[in-house]
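Hi everyone, thanks for coming.

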Amino acid sequence: MKYYRIWVIAFLLKFIGSAWDASYHFKYLFEEYSIPHIVNFSGFAIGAFLLFKEWRNLHYMDRFSRNLVTIGYVLFLIGIPLDFSYHIAYGIDLTTWSPTHFIYYIATDIMIIGVWRAYFKYTQDQQPTWKSLHTWFAMFLLECLMFPNMQQENGAISYDQYIHGRSIASKEILQLISDPASQIFGGIPQWVYPLYSVLLVALFTVIVNKLCRDYAIPVMAVALYILLRFIFKSVFYLVHYPTSYVPVTLLFIPIFYLVFRRDSWFAGFAGSLFYFLTLFAINRLGLLITPPLVWWEAIPVAMIGLFVPVVASQVAKLQFRLKRKQPA
């Protein structure tokens with residue numbers, strides 16, 4: 001089990017480095033050897049060492065999981081020169097939605113899925129519970145899926161500081177800003193934030209529920225994610241780095257599945273709608289600085305929440321039918 005605890009440390013370092021990097025780039029221009037990049041790479045290096053041990057002698061991983069993690073590592077390494085070239089071409093690094101960043105996200109997702117699959121195999125005689133490392137691996141996957149939203153969550157506070165003349169960005173960053181509303185939010189339409197959040201968290205919740213058969217694991221994974229985000233926010237505030245809105249209302253999406261104990265359309269619909277309405281209320285009442293929202297976004301948010309469990313259920317039924325049709 002120590003092997004997988006070290007993987008948790010590796011992914012945690014990557015989480016710390018990436019969160020720090022998102023904050024860093026709202027204050028400074030891109031630098032290849034910034035401290036956040038070094039922290040992120042240290043997690044990458046620890047994981048690479050663990051993977052190397054499995055290539056020498058399979059012990060904690062099955063062959064397929066090891067190969068899957070390796071694909072993630074290779075893809076991540078391919079992304080590094082591409083990302084550096086992108087920054088050389090465009091300079092300013094104020095968008096988490098760039099195509100080269102998505103190479104990193106996909107590569108890291110593949111790594112996490114590979115390690116988590118291996119952990120499933122390694123502990124196959126144990127029922128997954130929220131007290132196990134399943135919660136940590138689920139949280140790391142969620143963090144990677146949600147990372148593009150850091151643009152809007154950091155951007156909301158940075159934009160508010162900018163328009164009120166309290167920006168803490170460096171002079172180099174401020175000199176490059178000509179259209180703050182577009183540049184600070186990465187040129188992404190504001191409706192992307194709530195729709196992307198609901199789609200990914202709903203998919204994440206339904207899939208983890210089906211795999212782990214424990215409705216508490218997605219809830220605890222989201223709660224752990226939010227807790228760590230609050231810790232990072234506090235540290236960044238103390239060291240005078242840009243901070244971000246922490247998406248606390250995401251927790252309502254898996255909570256409704258836990259309450260109903262079913263991956264039903266109503267749980268998805270109610271959780272997603274409650275997520276948006278509470279977020280909208282926080283925004284309108286000025287309780288926290290959140291990414292911008294408009295009321296009509298509640299409609300597609302609710303529809304996404306409704307359809308995700310329905311589609312997932314139909315896919316599961318189709319797989320079951322195909323298995324039954326296969327000859328013995």
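Predicted model: local features only at pLDDT ≥ 70, side-chain atom pairs only at ≥ 80, totals over all residues.

Let me begin with a term: buried means under 20% relative accessible area, exposed means over 50%, and partly exposed is in between, using a 1.4 Å probe and protein chains only.

Residues are numbered from 1 along each chain as its sequence is written, and side-chain values use heavy atoms, with hydrogens and water left out.

Let's start with helix 5. Of its 14 residues, 13 are buried, so helix 5 is mostly covered. From first C-alpha to last, helix 5 reaches 20 Å, close to the 20 Å expected at 1.5 Å a residue. That expected span is 1.5 Å times one less than the number of residues.

Which residues of helix 4 meet helix 5? Helix 4 covers residues 99-122 and helix 5 covers residues 133-146, and they pack at an angle of about 165° with their axes 9 Å apart. Here axes are lines fitted to C-alpha atoms, for helices over the stretch in contact, and angles run from 0 to 180 degrees between N-to-C directions. Helix 4 and helix 5 are therefore roughly antiparallel. For that wording, angles under 35 degrees count as roughly parallel, over 145 as roughly antiparallel, 65 to 115 as roughly perpendicular, and the rest as oblique. The crossing of helix 4 and helix 5 is left-handed, which is the name used if the near helix is turned anticlockwise from the far one by less than a right angle, with right-handed used if clockwise.

Now to the residues. On the helix 4 side, the contact is made by Tyr-105, Thr-108, Asp-109, Ile-112, Ile-113, Val-115, Trp-116, Tyr-119 and Phe-120. The helix 5 side brings Leu-133, His-134, Phe-137, Ala-138, Phe-140, Leu-141, Cys-144 and Leu-145. Contact means heavy atoms within 4.5 Å. By class, this contact of helix 4 with helix 5 has 14 nonpolar, 2 polar and 1 charged. In that count, Ala, Val, Leu, Ile, Met, Phe, Trp, Tyr, Cys and Pro are nonpolar, Asp, Glu, Lys and Arg are charged, and the others, Gly among them, are polar.

Helix 4 has another partner. Helix 1, residues 2-24, packs with helix 4 at an angle of about 160°, their axes 11 Å apart. That makes this pair roughly antiparallel too, and the crossing of helix 1 and helix 4 is left-handed.

Let's stop at Met-111, which sits in helix 4. Is Met-111 buried or exposed? With a relative accessibility of 0%, Met-111 counts as buried. Leaving out residues up to four places away in sequence, Met-111 touches Phe-11, Phe-44, Val-69, Gly-72, Tyr-73 and Phe-76. Its C-alpha is 9.4 Å from that of Leu-141, 30 residues apart in sequence. For Val-74 and Met-111, 37 residues apart along the chain, the C-alpha separation is 10.0 Å. Val-74 lies in helix 3, residues 63-90, and is partly exposed at 44% relative accessible area.

Also in helix 3 is Ser-65, which is buried at 0% relative accessibility. Beyond its neighbours within four places in sequence, Ser-65 is in contact with Gly-114, Arg-117 and Ala-118.

Finally, a look at two loops. Most residues other than glycine have a negative phi. His-240, not a glycine, has a positive phi of about 65°. His-240 is in the loop between helix 10 (216-238) and helix 11 (252-260), and is partly exposed at 49%. Arg-261 is not a glycine either, and has a positive phi of about 55°. Arg-261 is found in the loop between helix 11 and helix 12 (265-285), and is exposed, with a relative accessible area of 52%.

Terms used
Helix = DSSP H or I, 4+ residues; strand = E, 2+ residues; numbered from the N terminus.
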